[in-house]
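Please keep the sequence and the structure in view while reading.

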Amino acid sequence: MELLTALYLLCFLYLTYYLYKIALQRTNQCCYMLGYECYKATEDRKLDTESCASIILRNTSLGLEEYRFLLQTIVNSGIGENTYAPDNVIQGKEERPELIDSLTEMDQIFFNTLDSLFAKSGISPQEIDILVVNVSLLSCVPSLAARVINRYKMRCDVKAFNLSGMGCSASLVAIDLVQQLFKSYKNAFAIVVSTEALGANWYCGREKSMMLSNCLFRSGGCSMLFTNNKALKHRAILKLKYMVRTHYGSNDEAYDCCIQVEDGLGYRGFRLTKKLVKAAAQSFIINLRVLGPKMLPLWEIIRYIVVSFQQRRKSKSASLDQGLMAAIPNLKTGAEHFCIHPGGKAVIDGVGKSLGLTDYDLEPARMTLHRFGNTSAGGLWYVLGYMEAKKRLKKGDRIIMISFGAGFKCNNCVWEVMKDMKDGNVWEDCIDEYPPDSLGNPFMEKYGWINDAALSFVRMEDYRSIS
């Protein structure tokens, strides 16, 4: 009798859950992606081993200890020799950047990607109803959104939004804004431009936690085209299924772990602390509590609840963090592909370990970090581009995008693939070379002598004078 009651209850729960998901899908407005274009800089802006060394040696405030720290950081970063730096850094103007340097940097990314996006989609700039531009570290007057409107002579009634300070997860913040606006504007076209202004924010001091950003962040960006017009469904490449945003800024450690500050000498930079990985893990789990029930099948939710309950009973004396980390659902039951923000090797590996992902699952994020570095808000789309260039994305597949950003934020979403995707995009000229046999870079081979104990008696200014 008890077994029969349990079966009836299970059937009732399944029916209720099924009806809930149908109702949720019908109340959600459609948000289709028609196309995206990532930016690839020119060859003269590549940061190979020699270029990195020359830039580092220009910083006269660094000593032997800082050089050894940078060497170890770059060797372990997961970044290769084909990433790109801003023009003013390549030209040696990183310590005294001018406004025109930042504007030129933005123009190159904005107009290169938008020109290509408009040409490939056949959509005219005058047809755009909504424009969202997100650049965290540059806020100018007129706004960057106004700069785009002026360049393309967009309509006077275009709804323009300029987002700053949103960090690496700004791209999904912008898309969430678009989907909310789609509830008020029918059959509309929206453009989202996501990038970062690095040229004026290159750190020239000697604090280790602030030098990390120079090792990780590289030039890049992406422009995307969206619509809520169901008549254009056949042209869509992706459909937004779910979006969940989590802001963990109420936690002091999380707020301070990724922050723009000035050091004791007045040099402005971006401080990344050891608390970042912990903040990412905690905000990610909070986010999954909301996203999980939306994207996972009922049987996985039931399994997760049972396992979680059992683990909590066994570890009542465990800390809150350990209890949270133990309660992770199997996201592979709700998505075939994992598009993880390529923020750094530790973040990628941490997400992979907590979700039980394979090397195949993590390959797109790792290869993106190696080839393009951390391109901030645009990074997710290089990861997506890798999946597409490898012809992994088939109609009906689901992609979960996982992003983290200063604040501290964790913004995740799920896309449905609307057609087989196989464009080579920015990966076209090198996709056959990935994944390489090794992700190592030659920095240790060329500059490992810096770790020689005998160098402790050498003044670095003497070395600079002969280099």
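This predicted model contains zero disulfides. A disulfide is a covalent bond between the sulfur atoms of two cysteines. The sulfur of Cys38 has its closest cysteine sulfur in Cys222, at 3.9 Å; because a disulfide requires the two sulfur atoms to be within 2.5 Å, this distance is too far for a bond. Cys38 is buried, at 10% relative accessibility, and Cys430 is likewise buried, at 7%.

Charged side chains provide another set of links. Side chains of opposite charge can pair when their charged atoms come close. The model has 26 salt bridges. One of them joins Lys120 to Glu37, with the closest N and O atoms 3.1 Å apart. Lys120 belongs to helix α5 and Glu37 to strand β1, so that distant parts of the chain, 83 residues apart, are linked. Lys120 is exposed, with a relative accessible area of 55%, whereas Glu37 is buried at 13%.

Arg206 and Glu66 also form a salt bridge, at 3.0 Å from N to O. Since Arg206 lies in the loop between β4 and α8 and Glu66 in helix α3, the pair ties together parts that are 140 residues apart in sequence. Arg206 is partly exposed, at 38%, while Glu66 is buried, at 6%.

A further salt bridge, between Asp349 and Lys345, lies within helix α13, where the two residues are four residues apart, about one turn of the helix.

Finally, Ser136 occupies the loop between β2 and α6. Ser136 is buried, at 14%, and its side chain reaches the backbone nitrogen of Met166 at 3.3 Å.

Technical notes
Residues numbered from 1 in each chain as written. Predicted model: local features only at pLDDT ≥ 70, side-chain atom pairs only at ≥ 80, totals over all residues. Heavy atoms only, no water. Buried < 20%, exposed > 50% of the residue type's maximum accessible area, 1.4 Å probe, protein only. Polar contact = N/O pair within 3.5 Å; in protein donor to acceptor, adjacent residues only side chain to side chain. Salt bridge = Lys/Arg side-chain N within 4 Å of Asp/Glu carboxyl O.
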